[in-house]
Structures are given as C-alpha cells and as structure tokens.
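Here is a tutorial dialogue on reading a protein model.

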Amino acid sequence: MSINLLRLFGGRNATAPVARERLQILLAHERGLLGQPDLLVTLREEILAVVSRHIQLDPDKVTVKLDRGKTVSTLEVDIEVPNGFETVVRGGRRAAG
Amino acid sequence: MAKVLVVTSGKGGVGKTTSTAALGAALAQRGESVAVVDFDVGLRNLDLVMGAERRVVFDLINVVQGVAKLQQALIRDKRVENLWLLPASQTRDKDALTDEGVGRVIADLRTRFDWVLCDSPAGIERGATLAMRYADEAVIVTNPEVSSVRDSDRIIGMLDSKTVKAEKGERITKHVLITRYDPVRAAKGEMLGIDDILEILAIPLLGIIPESQDVLRASNVGSPVTLNDAASAPARAYFDAARRLTGEQIAMLVPTERRGFMNRLLGRRAA
C-alpha cells in the first residue's frame, strides 16, 4: 500500500523498500544484543588478551571493523605485528636466563 | 584552527540529525575535514541517517571511558573520504557521559579535524548540555511553528549561560537554521514567517531549508541529502548554509510560493 502510494506520487524509484530492509537488518541485531550490550567490546578485549599472551601488542595498531549483513556479519580484527617481533614468552625466558 | 559546532534545538523532530549529516557532508564535500558526533546516547540515529549503522563497533561512551581509542571508534564515510562519524552508544544512558570525559574527546577531535559537529539530543538535560558544553558555535534548528521557536529561545538562553565559552565571559556564535519551511503555507499565513522567527529569536539566519520529499528519500537510503541529490532544493540550501559557516557571504534564497511543488523539485537547476 505504502509502496504503491509512493510510486503514484513519487514517480522516481521508491526508496521506502531500502529503508525497510536497512531497518530490518539493524533491528534484528539490536534486539539480539539486548542483555549483552557490550558483546563487541568483550570480544575485542578477550581476543587481544589471548594474542598478547604471545605477542607484544601496540593497542593503537589494532583495528576492529564490523559489517552487519542480513544473514551473516563479519567482525574483522586487524592486528599489526612488526617484523622481527619479540614474543612475550621468548622475551620472558631471556630475561630470566 | 578547528571549530566545534553544536546542532541543537530543544524540541525533538525538527531536523537536528538530518541537518548535522547534511551540513557535515556539505563541509566535507568542500574539502574540509569533518567529524560528526552523535550525542544522543541511548537513542542514536546519526549512524542510520549517515548509512553507517552496520559498521558501528565502538562509540562515544567507549572513548569517554577509555575502553577504545578515538581512532578506533571513528567511522570513515564510504563516499566522502574526509568525513567521519563518532557514533553514540545504543545501550547505555546519558549518565555514562562525564563532563571531563567529553572535554577530553572534544579536545582530541580538535587536533584531528577542521570541523567537529555535535548532534545534540532533544531536551534540555544532561545529553543536550554536554553536547553544547565545549562548542564554539551553535546552529539552532527551528521549525516555523510556535513550540519550536519557544524551545529554541530556551536553548539560546542555555548556550549563553551553560557553555564553557559563556562561563569564560566569551560569546558563543549562534545561527538559526529554519527547516521544514513550506512557502505555500507561510504565504497563506498558516505558518510563522522567516521575519517573525528572526525577530523573536534575534540571532542571524544561517539558512532556510524547504520542506521536501528529498529529505525523507535521503534518510531512507542512509545518505546525507547533500550527497544523495546535490541538485535538490534542500541540498542546495544546506550547501549555502555550509558556505556561510565558513564565513562566505551568500545571498539568502527564500523559498517562494510562486512555483508549484513539482516545479521546485524538478526546475531551477540553472543556478
């Protein structure tokens, strides 16, 4: 109904279907996240904690990107590791020895 | 020298978020580096109007609380490369914002951008006062309607008393942006006229944005109206307003009732 009205008055390609789809995707995610508001923050911190057990990290060189899709979302964690990096484990042993 | 601008109104639904997105994009399209910051904690919408809602990872609260770095929370626009968004949190409330924390974030943004546009939440409470707190200039978005003008007047009073600039005895620069202006209804006397509004509020006019379907169409697809259809009447009015913000003197185009609605939509491309 609303789409028909838009076509009637708008003439140009209607944008309401785009709005509808964007909202559906967004709200599906937001409703799912209720109760665990900072899932992404938690994920990032835990991923970084695991990685920093092995590699010394510069927090400024970590980027986290997200793209929410209709069926799948991608969480992209990009950690810059300098060439010839010292691992935490090896460094610790050297210091001890 | 960076300028921090708050887009505010008191009343809700007058077009703050639309105007923040459109002015921010218009400035960026002119080559300025711009950050638009959503202060509407708990009810964020600037991400949606900018079309970045799927890409929000961190937000203003995370940065204020030190959970994320500013550069990790800023989202770069996919269409204009010198336009960035700092989204609000959808899950927290406004109490998570601290005066000192906001001050730190704004100071950091000042070092990175030419313009920082703060999209204020409606109302006169914490979120709105923090959005204006560190501003150098204010754009007061007003509809030609009594309750909107009254609320704008209230906000002007707060800008003159509750901002850091005001507390230092300096004057915050204020502009009124009239949105949803319908020349046909104004001509019939059904709507407050431009002169009425300016006389009551007594601050300079930044622009007049005509009521237009183009605004809704742009928000449907998640694009600031100046990017979605740069030739449309509202987009051209926003471009002019952005140029006035940068100090240019441009004649004010008052939308007139002489042309029909379709003519205004389709015609007047010459300029």
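Predicted model: local features only at pLDDT ≥ 70, side-chain atom pairs only at ≥ 80, totals over all residues.

Q: What is the strand order of the open sheet in chain B?
A: Strands (E, at least two residues) and helices (H or I, at least four) are DSSP runs, numbered from the N terminus. Two strands pair if DSSP finds at least two bridges between them. In chain B, eight strands form an open sheet with mixed pairing, in the order β3-β4-β2-β5-β1-β6-β7-β8. The edges are β3 (75-76) and β8 of chain B; each has a single partner strand, so one side of each lacks a neighbour in the sheet.

Q: How many residues of β8(B) are buried?
A: Buried means under 20% relative accessible area, exposed over 50%, and partly exposed in between (1.4 Å probe, protein chains only). Six of the six residues of β8(B) are buried, so the strand is largely enclosed by the rest of the structure. Ile208(B) belongs to this strand and is buried at a relative accessible area of 3%. Contact means heavy atoms within 4.5 Å. Leaving aside neighbours within four places in sequence, the contacts of Ile208(B) include Ile178(B), Tyr181(B), Ile194(B) and Met252(B).

Q: What is the volume of the largest pocket?
A: Rolling a probe the size of a water molecule over the atoms shows where empty space is left. On a 1 Å grid over the protein atoms alone, a pocket is an open set of points with protein on both sides within 12 Å along at least five of seven lines, a cavity is a set where a 1.4 Å probe fits but cannot get out, and lining residues have an atom within 4 Å of a point. Grid points are joined across faces, edges and corners, and a volume is the space filled by probe spheres set on the points. The largest pocket has a volume of about 700 Å³. It is lined by 32 residues, of which Gly15(B), Thr17(B), Thr18(B), Val49(B) and Ser219(B) are the closest to its centre.

Q: Which element gives the largest share of that pocket's lining?
A: The largest share, four residues, comes from α11(B). Chain A takes part too: its α2 (16-33) is among the elements that each supply at least two lining residues.

Q: How many cavities does the search find?
A: Across the whole structure there are two cavities of 30 Å³ or more. The largest cavity holds about 50 Å³ of space. Two or more of its lining residues come from each of α1 and α11 of chain B. Ala, Val, Leu, Ile, Met, Phe, Trp, Tyr, Cys and Pro count as nonpolar, Asp, Glu, Lys and Arg as charged, and the others, Gly among them, as polar. By class, the lining of the largest cavity has seven nonpolar, three polar and no charged residues.

Q: Which residues of α11(B) are buried?
A: Asp214(B), Arg217(B), Ala218(B) and Asn220(B) are buried in α11(B). These residues cover an arc of only 155° around the axis, which puts them on the same side of α11(B). The arc is that of the directions from the helix axis to the C-beta atoms.

Q: Which residues other than glycine have a positive phi?
A: Most residues other than glycine have a negative phi. Arg180(B) has a positive phi near 60°, and Ala202(B) has one of about 55°. Arg180(B) is in strand β7 of chain B and is partly exposed at 41%. Ala202(B) lies in the loop between α10 (194-201) and β8 of chain B and is exposed, at 62% relative accessibility.

Key. Residues numbered from 1 in each chain as written. Chains lettered and ligands numbered in written order. Heavy atoms only, no water.
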